[in-house]
Amino acid sequence: MSKKNQHVVPHQSGWAVKAAGNERASSVHGTQREAIAAARETAMRQGSEMLIHGAKGRIRERNTYGADPFPPKG
């Protein structure tokens, strides 16, 4: 299983969850709240990061559910 970051982005039918680098949405939801719940579940299962975009496409929040080295090495 690949550990791709999950992005919650605006979609013509509401809000979509897209894995990083993918053209197509993994799932489409009527509300941003539903899309966030789906993205969180996938990110937790994969140990990856979830990025929530606002209506204009800018990242407004990010959460890490994997091994996040803090403080960063290097």
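1. Let's start with a pair of charged residues: arginine 45 and glutamate 41 form a salt bridge, with their closest N and O atoms 4.0 Å apart. The model is a predicted one. Both arginine 45 and glutamate 41 are exposed. Because they sit four residues apart in helix α1, about one helical turn separates them.

2. Now for the helix itself. α1 covers residues 32-46, and at 1.5 Å a residue its 15 residues should span 21 Å; the C-alpha atoms at its ends are 21 Å apart, so the two agree.

3. Which residues of α1 are buried? They are Gln32, Ala35, Ile36, Ala39, Thr42, Ala43 and Gln46. These residues cover an arc of only 135 degrees around the axis, and therefore lie on the same side of α1. The buried residues pack against β1 (6-11), β2 (14-19), β3 (27-29), β4 (49-53) and β5 (59-64).

4. Turn to the other face of α1, away from the buried side, and you will find the exposed residues Arg33, Glu41 and Arg45.

5. How many salt bridges does a search of the whole structure find? It finds two. Besides the pair in point 1, glutamate 49 forms a salt bridge with arginine 62, where the closest N and O atoms are 2.8 Å apart. This pair links distant parts of the chain, since glutamate 49 is in strand β4 and arginine 62 is in strand β5, 13 residues apart. Glutamate 49 has a relative accessible area of 15%, which means that this residue is buried.

Note on methods:
Residues are numbered from 1 along each chain as its sequence is written. This is a predicted model: local features need pLDDT of at least 70, side-chain atom pairs count only at pLDDT 80 or more; totals for chains, interfaces and linings use all residues. Side-chain values use heavy atoms; hydrogens and water are left out. Helices (H or I, at least four residues) and strands (E, at least two) are DSSP runs, numbered from the N terminus. The expected span of a helix is 1.5 Å times one less than its number of residues. Buried means under 20% relative accessible area, exposed over 50%, partly exposed in between (1.4 Å probe, protein chains only). The arc is that of the directions from the helix axis to the C-beta atoms. Contact means heavy atoms within 4.5 Å. A salt bridge is a side-chain nitrogen of Lys or Arg within 4 Å of a carboxyl oxygen of Asp or Glu.
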